[in-house]
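Hi,

Here is the structure I promised to pass on to you.

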Amino acid sequence: MAMTGVLRPGHAQVRVLDLEESVHFYRDVLGLVETGRDATGRVYFKCWDERDHSSYVIRQADSAGLDFFGWRVLDKATLDRLDADLQAYGIKTERIPAGEMLETGERVRFTLPSGHVMELYAEKTKVGNGIPLVNPAPWSKARDHGIAPIRLDHALLYGPNVAEVQKIFTEVLGFYLVERVLTPDGNGNAAIWLSCGQKVHDVAFAEYPEPGKLHHCSFLMESWDQVLRAGDIMSMNTVPVDIGPTRHGVTRGCTIYAWDPSGNRFETFFGGHLPYPDYETMTWTFDNFGQGLDYPQRKLHETFLTVVS
Ligand SMILES: [Fe+2]
C-alpha cells in the first residue's frame with residue numbers, strides 16, 4: 001500500500017485541571033517524554049518511539065476534554081489539496097500559522113459535525129527516538145520509565161452526526177470504514193472505526209447527544225505482556241481503571257481503559273487485525289456490542305457508554 005494523503009494521528013491537545021499533577025502523571029506514570037513548554041503554558045509530550053517533536057499536549061483549564069486532534073499529512077501539497085477538498089465539500093477551514101504550536105508547521109483547522117476540532121499539518125520537527133538511524137537498537141533507555149507506550153495510536157470521540165462525520169472521513173480525507181456497531185434498530189451506525197492506512201483504526205466515533213466529547217486517547221503498547229505491566233503500574237500509582245485488562249471484539253485489540261487525574265480517559269492498547277482498504281466492513285449488532293467491547297466478559301460496561309470528558 002502506498003501511503004499518501006493523511007498518514008497518521010499526529011497530536012492531541014487535552015485539557016487538564018492541575019498542570020503539574022498532570023505533568024507528573026503523563027511523564028512519570030504513563031511514561032511519555034516531555035519535549036517542551038510554550039509561552040501559553042502548554043506542556044508537550046511524545047511517546048519514546050515517536051520521532052516527531054510531540055504527539056500529546058496538555059494545557060490547564062477549568063474543565064477536562066479535548067481541544068483538538070491533529071493529523072500528519074504527507075507533505076505541503078497534500079495539505080493544500082485537502083484544505084481545498086474540505087472547502088469544496090462545504091466545510092469551513094482556518095489556517096493556524098506555523099509556530100503556534102512548538103516545532104509545528106502551518107495547520108489547517110476545521111470542525112466536524114460531531115463538534116470535534118480536527119487539524120491537518122505537514123511539518124513537525126523530527127527529534128528522533130533516541131535510537132540511531134544507522135545500526136539501530138530495538139529500544140532506547142526511555143522505554144524503562146513508566147508505562148512507556150510507543151505511540152499515540154488513535155482516539156475514540158463521542159458526538160452527534162456520526163453519519164456525516166463518516167462521509168467526511170471516507171469521501172474527503174481518504175479513510176475507510178473497518179468496523180461498525182449498528183444502532184439498536186439496525187438502521188444506522190452507533191459507532192464507527194476508521195483507518196487511513198493498515199492499522200485497524202486511526203480514529204473512532206460514537207453517536208452521542210453532546211458535541212465534542214473525548215472518550216479516550218489510546219497509546220500503543222508493544223505486547224499483551226506490556227499491557228499487563230501497564231495495569232501493574234496503574235495499580236502501583238492508584239490510577240483509576242475503567243475496564244480491563246481484556247480484549248475487544250471490535251478490532252481484536254487488547255486493552256486497559258483508565259483515567260488521568262482530570263478524568264480524561266486513556267487506553268493502553270496492543271494488537272488488532274490488519275485491514276486493507278478493499279476489505280469489507282465488519283458489523284456488530286447492538287445486542288452483541290457487549291462482546292464487541294469486552295469479548296471475554298461479553299459485558300457492555302455502563303461507563304463506556306456514559307463517561308466522557
Ligand atoms: Fe481505543
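Predicted model: local features only at pLDDT ≥ 70, side-chain atom pairs only at ≥ 80, totals over all residues.

On to the interface between the two. On the domain 1 side 43 residues are in contact, and they meet 40 residues of domain 2. Together the domains bury about 3,200 Å², and 73% of that area comes from carbon and sulfur atoms. As for polar links, 9 residue pairs are in polar contact between domain 1 and domain 2, counting pairs with both residues at pLDDT 80 or more. If you want to find the domain 1 side on your screen, the elements that give two or more residues to it are strand 1 (6-16), helix 1 (19-29), strand 5 (65-73), helix 2 (76-89) and strand 8 (117-121). Strand 1 provides the largest share, with 10 residues. Sorted by class, this side of domain 1 has 28 nonpolar, 8 polar and 7 charged residues.

The rule also finds 1 salt bridge across the interface. Glu222 and Arg143 form a salt bridge, with 3.6 Å between the closest N and O atoms.

Helix 1 deserves a visit of its own. At its start, a side-chain oxygen of Asp18 comes to within 3.3 Å of the backbone nitrogen of Glu20. Just past the helix, Gly31 has a positive phi of about 85°. Which residues of helix 1 are buried? They are Leu19, Ser22, Val23, Phe25, Tyr26 and Val29. An α-helix has 3.6 residues a turn, so residues three or four places apart point the same way. That is handy to remember when you look at the list. The buried residues of helix 1 pack against strand 1, strand 2 (33-37), strand 3 (43-46) and strand 4 (56-60), as well as helix 4 (224-236) and strand 16 (265-271).

Now for the salt bridges, of which the structure holds 25. Here are a few you can check by eye:

- Arg15 and Asp67 meet through their side chains in a salt bridge, at 2.9 Å from N to O. The pair joins distant parts of the chain, since Arg15 sits in strand 1 and Asp67 in strand 5, 52 residues apart. Arg15 is buried, with a relative accessible area of 17%, and Asp67 is buried too, at 16%.
- Arg27 and Asp28 form a salt bridge in which the closest N and O atoms are 3.2 Å apart. Here Arg27 is partly exposed, with a relative accessible area of 30%, and Asp28 is partly exposed at 27%.
- Lys199 and Asp202 form a salt bridge with the closest N and O atoms 2.7 Å apart. Asp202 is buried, at a relative accessible area of 2%.

Finally, there is a network of salt bridges that links Asp38, Arg42, Glu100, Arg107, Arg109 and Glu119.

Best wishes

Notes. Residues numbered from 1 in each chain as written. Heavy atoms only, no water. Contact = heavy atoms within 4.5 Å. Buried area = accessible area lost by both parts, 1.4 Å probe. Salt bridge = Lys/Arg side-chain N within 4 Å of Asp/Glu carboxyl O. Polar contact = N/O pair within 3.5 Å; in protein donor to acceptor, adjacent residues only side chain to side chain. Helix = DSSP H or I, 4+ residues; strand = E, 2+ residues; numbered from the N terminus. Nonpolar A, V, L, I, M, F, W, Y, C, P; charged D, E, K, R; others polar. Buried < 20%, exposed > 50% of the residue type's maximum accessible area, 1.4 Å probe, protein only.
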